[in-house]
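Biologist: Hey, could you walk me through this one? I'm new to it.

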Amino acid sequence: MKSIEILFEDEHICVINKPAGLLSVPSQSKDKSALSILEEIMRKKGTYSPKHRPFAVHRLDRDTSGVMMFALSEHAQKIIMDSWHKIVSERLYRAVAENPKNVHKFLPKSGLIDDNLAFNANNIGFVPRKDENSTESEKISKTVPARTHYTTVFRGKTHSLFELSLDTGKKNQIRAHLASKGYPLAGDKNYRAKTNPFDRLCLHARTLEFTHPFADKKMRFEVKEPAEWELYVQKGDFQKNHEKSAHKKESLALGKKRLSTKDKAHMNFIEIGKKR
């Protein structure tokens with residue numbers, strides 16, 4: 001069962017490291033969430049009470065890992081959410097994304113993506129197409145503003161490692177913005193990624209820096225993304241090409257000589273299997 005790592009806790013807030021694949025807060029399903037697991041931990045320690053329990057102040061997508069904060073009272077939740085943009089000074093993410101096939105579509109080293117987002121029937125965010133021949137934009141009645149700053153940490157031959165920060169925290173924002181520029185995140189089926197090297201979405205909330213809402217003290221928490229991510233980007237993903245090449249060679253080898261009826265008659269069952 002997935003669990004959480006507590007990075008900091010006092011009477012007002014708790015900062016955790018959430019693993020990928022775990023909901024931030026409970027949903028209609030009976031799946032565990034970071035909030036419910038934190039409740040269980042507090043109950044076991046004897047610190048849980050109706051007035052002292054976890055409340056969400058922001059969320060990470062289920063498939064996103066990394067640093068996340070909870071308020072530990074309803075009063076703390078209101079103060080944090082009312083002053084979120086004042087107290088939070090930095091939120092940094094790291095992501096591995098597939099490069100566009102066309103090098104002319106590569107993003108600059110750093111920049112801002114500020115396309116508005118829309119949401120489909122499954123509540124998945126996307127950037128409506130703007131091409132003249134498309135009627136999709138005409139069907140979108142509501143969009144929301146979204147601003148994502150990005151820096152390319154390392155650009156490999158097949159993938160890039162990005163560092164990102166958000167001016168707005170919309171659902172699926174990073175995933176939708178990068179995918180709209182031809183950079184779907186590795187492991188992201190919703191945005192048609194073709195690679196899944198780590199059996200997970202390659203998006204990680206690396207850094208959260210804020211001023212403590214009650215102690216008025218600057219705090220910074222950082223959990224690095226897996227080291228394998230950058231190594232993977234540096235090396236490049238040529239597995240599919242290798243598999244195609246190996247399959248082609250195997251097919252050619254098998255096709256060199258076909259067994260005749262006469263040959264089969266002189267071979268027993270095991271020998272036929274080996275020959276094939």
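Modeller: Let's talk about strand pairing and then the pocket. This is a predicted model, where local features need pLDDT of at least 70, side-chain atom pairs count only at pLDDT 80 or more, and totals for chains, interfaces and linings use all residues. Residues are numbered from 1 along each chain as its sequence is written, and side-chain values use heavy atoms, leaving out hydrogens and water.

Biologist: OK, what does strand 9 pair with over 7 bridges?

Modeller: Strand 10 (residues 159–166), in the antiparallel sense. Strands here are DSSP runs of E, at least two residues, and helices are H or I runs of at least four, numbered from the N terminus. Two strands pair if DSSP finds at least two bridges between them.

Biologist: And what links those two strands?

Modeller: A hairpin, through 3 residues. R155 stands opposite S160 in strand 10.

Biologist: How many bridges join strand 6 to strand 9?

Modeller: There are 4, and strand 6 (residues 110–113) runs antiparallel to strand 9 (residues 148–155). L112 sits opposite H149 there.

Biologist: Switching topic: which residues lie nearest the centre of the largest pocket?

Modeller: R59, L60, D61, G169 and K170, out of 37 lining residues. A pocket is an open set of points on a 1 Å grid over the protein atoms alone, where a 1.4 Å probe fits, with protein on both sides within 12 Å along at least five of seven lines; lining residues have an atom within 4 Å of a point.

Biologist: Which element gives the largest share of that lining?

Modeller: Strand 5, with 6 residues.
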